[in-house]
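Welcome, and please open the structure in your viewer. We will go from stop to stop, with something to select at each one.

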Amino acid sequence: MKSAIVLAAGKGTRMKSALCKVMHPVCGKPMIGHIVSALKNAGVEKIIVVVGHDAEKVKEYLNDEVAYAIQSPQLGTGHAVMQADSLVDEEGDTIVLNGDGPCIQSETIQKAFEANRDHALTVLSAKLDDGAHYGRIIRDGDGKVAKIVEAKDCSEKERAVNEINTGLFVFKTKELFAGLKEIRNDNAQQEYYLTDLVEIFNRKGWSTNAMVVEDPDETMGVNDRVDLAQAEAWMRNDINRRHMLNGVTLVDPAHTYIGADVEIGADTTIYPNVMIEGETHIGAHVQILPNSFLSNAKIGDDVLIDSSKIVDSQVDAHTTVGPMSHLRNHTHVHENCRIGNFVEFKNSDFGNGSKCAHLTYIGDSDFGEKINVGCGVVTVNYDGKNKYRTTVKDGAFIGSNCNLIAPVTIGENALLAAGSTITDSVNDGDMGIARARQTIKAGFGEQYKKK
Ligand code: UD1
Ligand code: CA
């Protein structure tokens with residue numbers, strides 16, 4: 001049985017934030033979310049998150065993906081792990097991680113479990129030029145791990161050690177909880193340190209081990225906003241690299257911001273200053289031009305997106321969007337459509353081959369196939385109290401500058417004359433025209449000029 005205990009009860013004082021530390025996003029996803037995903041991908045069967053500060057926010061976010069232990073008050077990392085005692089299966093191994101280490105990869109988690117096969121405890125250590133605020137790994141004459149000393153409790157000699165505790169441990173579960181009964185809080189911070197288990201295990205003759213991680217940045221702990229930006233940069237680089245190796249062209253990866261859960265097909269090209277977040281899926285051969293923002297978007301193959309914003313919406317194959325358009329709130333634009341300049345779609349369906357090229361608002365509407373929407377068309381969906389739907393059927397032609405006062409239905413192959421304000425439905429094949437007739441005043445222009 002592989003279990004995990006994630007420590008996420010602390011406030012994160014050094015973040016100077018109203019939001020608890022583990023909920024701060026890195027590449028668009030809370031730190032705690034990255035850790036839970038990595039544990040799941042590594043095949044960990046039981047995940048317990050120790051919550052305290054902002055417990056409700058953490059629970060609301062992770063929902064029933066994990067089990068929870070409550071730590072209140074927060075008396076240190078060892079005390080935090082104790083709170084999970086009754087929730088963990090005694091058999092097998094438990095990995096303990098800090099909720100503020102968002103970059104950890106599932107491969108490293110798997111290696112850590114393997115490294116602990118013949119040991120009671122394996123700590124993941126890292127070699128740094130400067131150990132900074134991290135706990136130091138102190139080895140004895142034979143190179144065996146003797147103890148971990150917190151930076152605040154270090155002697156000068158210990159502080160000079162450059163092998164540090166990443167905060168990630170694997171334990172034989174039974175020994176973990178037996179050892180925790182013996183930790184004390186007689187240290188600089190008067191906390192129950194998880195790190196004291198190394199000495200306790202050694203005293204009991206339970207085998208302890210250290211595994212040095214290949215890339216110390218992967219196990220960095222985020223304590224303040226400077227660390228947060230470093231984690232963001234590391235993860236962005238990692239995500240972008242993965243997409244490039246999968247056949248996606250990033251014209252300037254340093255200025256391309258892609259979330260951890262985004263999927264992108266091969267031969268898609270992404271230009272600079274593009275941000276893609278959430279559960280976004282992008283097809284193959286898509287072009288995303290500069291200054292586009294996509295969040296929870298589903299984009300088909302061969303789509304072109306130019307400086308546009310697409311949120312919680314879907315765009316199907318061979319459609320073009322933009323420049324400067326905005327699709328939102330469950331909009332679905334089907335195949336071979338053209339959404340042009342300065343167009344906003346909200347909660348609307350737009351059928352295959354339909355076009356809407358300029359300066360238009362379509363809200364709460366169902367448009368069929370092969371419809372042409374002229375410049376400056378507005379669906380008037382809101383009367384100040386309620387919203388109403390507009391329906392336009394296949395092949396209709398909506399002249400420029402028409403207002404469609406919802407609820408209203410425009411029939412198949414119907415025509416709306418430019419400049420009409422349409423309040424009544426128009427049947428299939430008919431024309432709706434709703435504007436004052438033009439009159440001509442002969443010579444009036446000349447006379448006016450002379451006055
Ligand atoms: C801890 C380690 C340190 C290690 C570093 C790696 C201890 C005593 N120190 O120090 O050796 O080098 O991580 O990043 O373990 N938390 C709780 N309850 C508490 C205290 C903390 O849940 O009572 C959680 C925090 O929310 C956080 C994590 O544990 O996610 C680590 O706590 P933090 O205070 O950041 O520990 P460090 O001082 O960084
Ligand atoms: Ca920390």
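A residue is counted as near a molecule if one of its heavy atoms lies within 4 Å of it. Keep that cut-off in mind for the first stop, and remember throughout that this is a predicted model.

**Stop 1: ligand 1**

Select ligand 1 and the residues around it. There are 24 of them, and those that come nearest are Gln-71, Gly-76, Thr-77, Glu-150 and Asn-165. Now colour strand S1 (2-8), helix H3 (77-82) and strand S10 (163-172): each supplies at least two residues of the shell around the ligand. Which of these elements gives the most to the shell? It is S10, with 3 residues.

Next, look at some polar atoms. An oxygen atom of ligand 1 is 2.6 Å from a polar backbone atom of Asn-165. At Gly-99, a backbone N or O atom lies 3.3 Å from an oxygen atom of the ligand. Asn-223 takes part through its side chain, with a polar atom 3.5 Å from a ligand oxygen. The protein covers 90% of the 760 Å² of accessible area that ligand 1 has on its own. If you show the pockets, you will find ligand 1 in the largest one.

**Stop 2**

Asp-100 lies in the loop between strand S6 (93-98) and helix H4 (106-115), and Asn-223 in the loop between strand S11 (208-212) and helix H8 (225-245), so the pair ties together parts that are 123 residues apart in sequence. Are these two residues buried or exposed? Asp-100 is buried, with a relative accessible area of 11%, and Asn-223 is buried too, at 8%.

**Stop 3: two cis peptide bonds**

Most peptide bonds are trans. Select Ser-72 and Pro-73 to see a cis bond between them, with omega near 0°. Pro-73 lies in the loop between strand S5 (67-70) and H3. Then go to Ala-406 and Pro-407, also joined by a cis peptide bond, with omega about 0°. Pro-407 is in the loop between strand S35 (403-405) and strand S36 (408-410).

**Stop 4: two positive phi angles**

Most residues other than glycine have a negative phi. Select His-318, where phi is positive at about 60°. His-318 sits in the loop between strand S23 (314-315) and strand S24 (320-321), and is partly exposed at 41% relative accessibility. Finish at Leu-359, with a positive phi near 45°. Leu-359 is found in strand S29 (residues 355-363) and is partly exposed, with a relative accessible area of 49%.

Definitions and conventions: Residues are numbered from 1 along each chain as its sequence is written. Chains are lettered from A and ligands numbered from 1 in the order in which they are written. This is a predicted model: local features need pLDDT of at least 70, side-chain atom pairs count only at pLDDT 80 or more; totals for chains, interfaces and linings use all residues. Side-chain values use heavy atoms; hydrogens and water are left out. Helices (H or I, at least four residues) and strands (E, at least two) are DSSP runs, numbered from the N terminus. Buried means under 20% relative accessible area, exposed over 50%, partly exposed in between (1.4 Å probe, protein chains only). A polar contact is a pair of N or O atoms within 3.5 Å; within protein, one must be able to donate a hydrogen and the other to accept it, and residues adjacent in sequence count only if both atoms are side-chain atoms. Accessible areas come from the Shrake-Rupley method with a 1.4 Å probe; for residues, only the protein chains shown count as cover. On a 1 Å grid over the protein atoms alone, a cavity is a set of points where a 1.4 Å probe fits but cannot get out, and a pocket is an open set with protein on both sides within 12 Å along at least five of seven lines; lining residues have an atom within 4 Å of a point. A molecule sits in a cavity or pocket if more than half of its atoms lie within 2 Å of its grid points.
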